[in-house]
Amino acid sequence: MSTGLGSLVSGVRWYLREIGGTARWEAYLEHCREHGHEPLSRGAFERARTDAKAATPGARCC
């Protein structure tokens, strides 16, 4: 029972990190550390992501 509950909690945690952008933010920070770049603020990072999505809509309808 506890293994199933642990899997559920782990799955929910992963989902929330993906939806909230935390996983991408942490990957960006790791990239900056590896390459010696000064990272943007979280707000500037999210703004750049939003702008990039708007500039290349791909298959989205809106």
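Tyrosine 28 and phenylalanine 45 are both buried (under 20% relative accessible area with a 1.4 Å probe and protein chains only; exposed is over 50%, partly exposed in between). The model is predicted, with local features needing pLDDT of at least 70 and side-chain atom pairs counting only at pLDDT 80 or more, while totals for chains, interfaces and linings use all residues. Residues are numbered from 1 along each chain as its sequence is written, and side-chain values use heavy atoms, with hydrogens and water left out.

**Aromatic pairs**

- Rings of Phe, Tyr and Trp (its six-membered ring) pair if their centres lie within 6.5 Å; planes under 30 degrees apart are stacked, over 60 edge-to-face, and the rest tilted.
- Three aromatic pairs are counted under this rule.
- Tyrosine 28 and phenylalanine 45 are stacked because their ring centres are 4.7 Å apart and their planes lie at 25°.
- This pair links distant parts of the chain, 17 residues apart: tyrosine 28 belongs to helix H2 (residues 22-35) and phenylalanine 45 to helix H3 (residues 42-55). Helices (H or I, at least four residues) are DSSP runs, numbered from the N terminus.
- One aromatic cluster is formed by Trp25, Tyr28 and Phe45.

**Nonpolar core**

- Trp25, Tyr28, Leu29, Cys32 and Phe45 make up the largest nonpolar core, which has five residues (a set of buried Ala, Val, Leu, Ile, Met, Phe, Trp, Tyr and Cys joined through side-chain atoms within 4.5 Å).
- H2 gives the most to this core, namely four residues.

**Packing of H2 and H3**

- The axes of H2 and H3 come within 11 Å and cross at roughly 110° (lines fitted to C-alpha atoms over the stretch in contact, with angles from 0 to 180 degrees between N-to-C directions).
- H2 is therefore roughly perpendicular to H3 (65 to 115 degrees; under 35 is roughly parallel, over 145 roughly antiparallel, the rest oblique).
- Thr22, Arg24, Trp25 and Tyr28 of H2 make the contact with Arg42, Phe45 and Arg49 of H3 (heavy atoms within 4.5 Å).
- The residues of this contact comprise three nonpolar, one polar and three charged (Ala, Val, Leu, Ile, Met, Phe, Trp, Tyr, Cys and Pro are nonpolar; Asp, Glu, Lys and Arg charged; the others, Gly among them, polar).

**Leucine 40 and the loop**

- Leucine 40 lies in the loop between H2 and H3 and is partly exposed, with a relative accessible area of 41%.
- Not counting residues up to four places away in sequence, leucine 40 touches Trp25, Tyr28 and Phe45.
- The C-alpha atoms of leucine 40 and tyrosine 28 are separated by 9.3 Å, the two residues being twelve apart along the chain.
- Tyrosine 28, leaving aside neighbours within four places in sequence, is in contact with Glu38, Pro39, Leu40 and Phe45.

Notes. Helix = DSSP H or I, 4+ residues; strand = E, 2+ residues; numbered from the N terminus.
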